[in-house]
Amino acid sequence: LFDGVYPFYPQQRKSFVFDVSIIIVIIVFLTLACSFLIIIPGIRGRARLYWLIRVLLSLVIGVVIVAVQYTRDWESGWVKVNTSYKSFSHALVNADIGLHVGLAGVNITLVGNPVNQVNETINYNEHFAWSFDADYDHSYSEGLEKGLPSPILYVAEKFTSQSPCGVHSQYRISGHYASAVLWVAFCTWLISNILFSMPALVYGGCMVLVTGTFMIFSLLSFSTVRNLPMCAIKFGPASLHIAYGGSFWLTLVVGLLCFMIGVTVVTLHFFSLDLLKTFFDLHVDEAEECQEMTEVYVNRRIMDSTL
């Protein structure tokens, strides 16, 4: 027993800041961006600005496609409540309860107002995974054994496979297919960069369109969870409602950006090819080729003998 109350939470709690995978992804793309910024002074004239726009736009699209795989705010919601804190205890606490849904699981946060109440620090963040290589019900059982606070267990129970809500399978399958489609979008993003560097501009523009299409498909896959009615999550008179979060809207914006880039490239290819080649810095190469083709080397001895 802990102060005469059981169960209790003996492990050290950790606050939610960033997922390690997201930090790794950001570091990798920042390294690529910094490497390009180091070499960009060697590019002459207006081509320097064009290269900067192209590379940074491409890196932004790539980092978003990969990073949103690991974020946990595709859906999110907060509610401020007065609720019981532990099982077998009548003590009430004032706290903010947050629900953050990702493609691979759900994060449930509990933060006290103030943080220190009932002789404890109320600042919890718990992750329950439902990806195909994880067992959500087992994670929930471990939470019961550890004695997590009652509000966290109450919210987590809504997503178990045995819950009457019946949303576990839908979230699991929708998140899995949304993640898979995003990885396909990442592959098409790589192919588009290869085509732009060859250069095969119109095909690169088409692959950017395909990238945006797959990103939109991932959103449609995740949004199928709305086909099922969500169980009410009530704490007395207050209810916890969730809505699409930052990762969902960021993916939508970048997907539409890909559509805009792809349509622009394809349109310029058919109606203003010179402008498109100027933006991709191809006129310089063509000018050099023409110069090399027009150069003539004359043997003066032969010319003198003929004269």
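In what order do the five strands of the open sheet stand? In this predicted model, the order is β4-β3-β2-β1-β7, and the pairing is antiparallel.

- The edge strands, β4 (120-129) and β7 (243-244), each pair on one side only.
- Nine bridges join β4 to strand β3 (residues 105-117), in the antiparallel sense.
- Gly105 has Ala129 of β4 opposite it.
- Helix α3 (residues 136-146) packs on the sheet and touches β3 and β4. The direction of α3 makes about 160° with that of β4.

**Helix α1: length and sides**
- Helix α1 covers residues 20-39; at 1.5 Å a residue, its 20 residues should span 28 Å, and the 29 Å between its end C-alpha atoms agrees with this.
- Ile22, Val25, Phe29, Ala33 and Phe36 are the buried residues of α1. They lie on the same side of α1, because they cover an arc of only 70° around the axis.
- The cover over these buried residues includes α2 (47-67) and α5 (168-197).
- Val20, Ile24, Ile38 and Ile39 are exposed, on the other side of α1.

**Leu37**
- Leu37 belongs to helix α1.
- Its relative accessibility is 44%, so Leu37 counts as partly exposed, a class that lies between buried, under 20%, and exposed, over 50%.
- Leu37 and Leu52 are 15 residues apart in sequence, and their C-alpha atoms are 8.1 Å apart in space.

Technical notes
Residues numbered from 1 in each chain as written. Predicted model: local features only at pLDDT ≥ 70, side-chain atom pairs only at ≥ 80, totals over all residues. Heavy atoms only, no water. Helix = DSSP H or I, 4+ residues; strand = E, 2+ residues; numbered from the N terminus. Expected span 1.5 Å × (residues − 1). Buried < 20%, exposed > 50% of the residue type's maximum accessible area, 1.4 Å probe, protein only. Arc of directions from axis to C-beta. Contact = heavy atoms within 4.5 Å. Pairing = 2+ DSSP bridges. Axes fitted to C-alpha atoms, helices over the stretch in contact; angles between N-to-C directions.
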